[in-house]
Amino acid sequence: MVIQEKHNPIFQKKENLLFRGNEAPSVHISFESNQIIAHAFDLDGQVQIVEFFQNGELIGVDSIYPYQLDFSIIKNKKGSFSAKVIDDLGTYSLSIAVNN
């Protein structure tokens, strides 16, 4: 039996199966051993890139797991740090900012 969600546009019926639209990836950050680590994943696709921000300004990118940024290259280590993860379909999410 196929359940149809007629009022929800993110559901699509395809070949007698029910598929949801693209889910946004997830990301949160932590500081470990002089690295900023982005714990990023995408349940229905692939992470393409993670962007790292300090006080809203781009400070680095990484496209290879584990997603990390060398904290030693940052001159002013104080402020608000966050990350943006972008998946293979261009959908993105932002992490909660972490103050250091």
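Leaving aside neighbours within four places in sequence, Ile36 is in contact (heavy atoms within 4.5 Å) with Ile29, Ser30, Phe31, Phe52, Tyr67, Gln68, Leu69, Phe71, Ile74 and Phe81. This residue makes a friendly starting point for a tour of the structure. The model is a predicted one, in which local features need pLDDT of at least 70 and side-chain atom pairs count only at pLDDT 80 or more, while totals for chains, interfaces and linings use all residues. Residues are numbered from 1 along each chain as its sequence is written, and side-chain values use heavy atoms, with hydrogens and water left out.

The protein chain as a whole comes next. Its secondary structure amounts to zero helices and ten strands; here helices (H or I, at least four residues) and strands (E, at least two) are DSSP runs, numbered from the N terminus. Along the sequence the pattern therefore reads β-β-β-β-β-β-β-β-β-β. Of the 100 residues, 30% count as buried, where buried means under 20% relative accessible area, exposed over 50% and partly exposed in between, with a 1.4 Å probe and protein chains only. The accessible surface of the chain is about 6900 Å², and 52% of that surface belongs to carbon and sulfur atoms; such areas come from the Shrake-Rupley method with a 1.4 Å probe, and for residues only the protein chains shown count as cover. Among the contacts with a separation of 6 or more, 46% are between residues 24 or more positions apart.

Which strands make up the open sheet of three? The order is β3-β4-β7, with antiparallel pairing; two strands pair if DSSP finds at least two bridges between them. At the edges are β3 (26-32) and β7 (67-70), each of which pairs on one side only. From one strand to the next the twist averages 20°, with axes taken as lines fitted to C-alpha atoms (for helices over the stretch in contact) and angles running from 0 to 180 degrees between N-to-C directions. Seven bridges join β3 to the antiparallel strand β4 (residues 35-41), and Phe31 stands opposite Ile36 in β4. Four bridges connect β4 and β7, again in the antiparallel sense, and here the bridge partner of Ile36 is Leu69 in β7.

In a regular strand, side chains alternate between the two faces of the sheet. Strand β7 has a covered face, with Tyr67 and Leu69, and an uncovered one, with Gln68 and Asp70.

In soluble globular proteins, nonpolar side chains tend to be buried together.

Four aromatic pairs are found in the whole structure. Rings of Phe, Tyr and Trp (its six-membered ring) pair if their centres lie within 6.5 Å; planes under 30 degrees apart count as stacked, over 60 as edge-to-face and the rest as tilted. Phe31 is partly exposed, at 30% relative accessible area, whereas Phe71 is buried at 9%. The rings of Phe71 and Phe81 have centres 5.6 Å apart and planes at 65°, so this pair is edge-to-face as well. Phe31, Phe71 and Phe81 form one aromatic cluster.

A second pairing involves strand β5 (residues 47-54) and strand β6 (residues 57-62), antiparallel over five bridges. Val50 has Asp62 in β6 as its bridge partner. The two strands form a hairpin with two residues between them. Gln54, in strand β5, is buried at 13% relative accessible area.

Finally, some backbone details deserve a look. Most residues other than glycine have a negative phi, and most peptide bonds are trans. Asn55, in the loop between β5 and β6, has a positive phi of about 50° and is exposed at 53% relative accessibility. Asn34, in the loop between β3 and β4, has a positive phi of about 65° and is partly exposed at 42%. The peptide bond from Tyr65 to Pro66 is cis, with omega near 0°, and Pro66 is found in the loop between β6 and β7.
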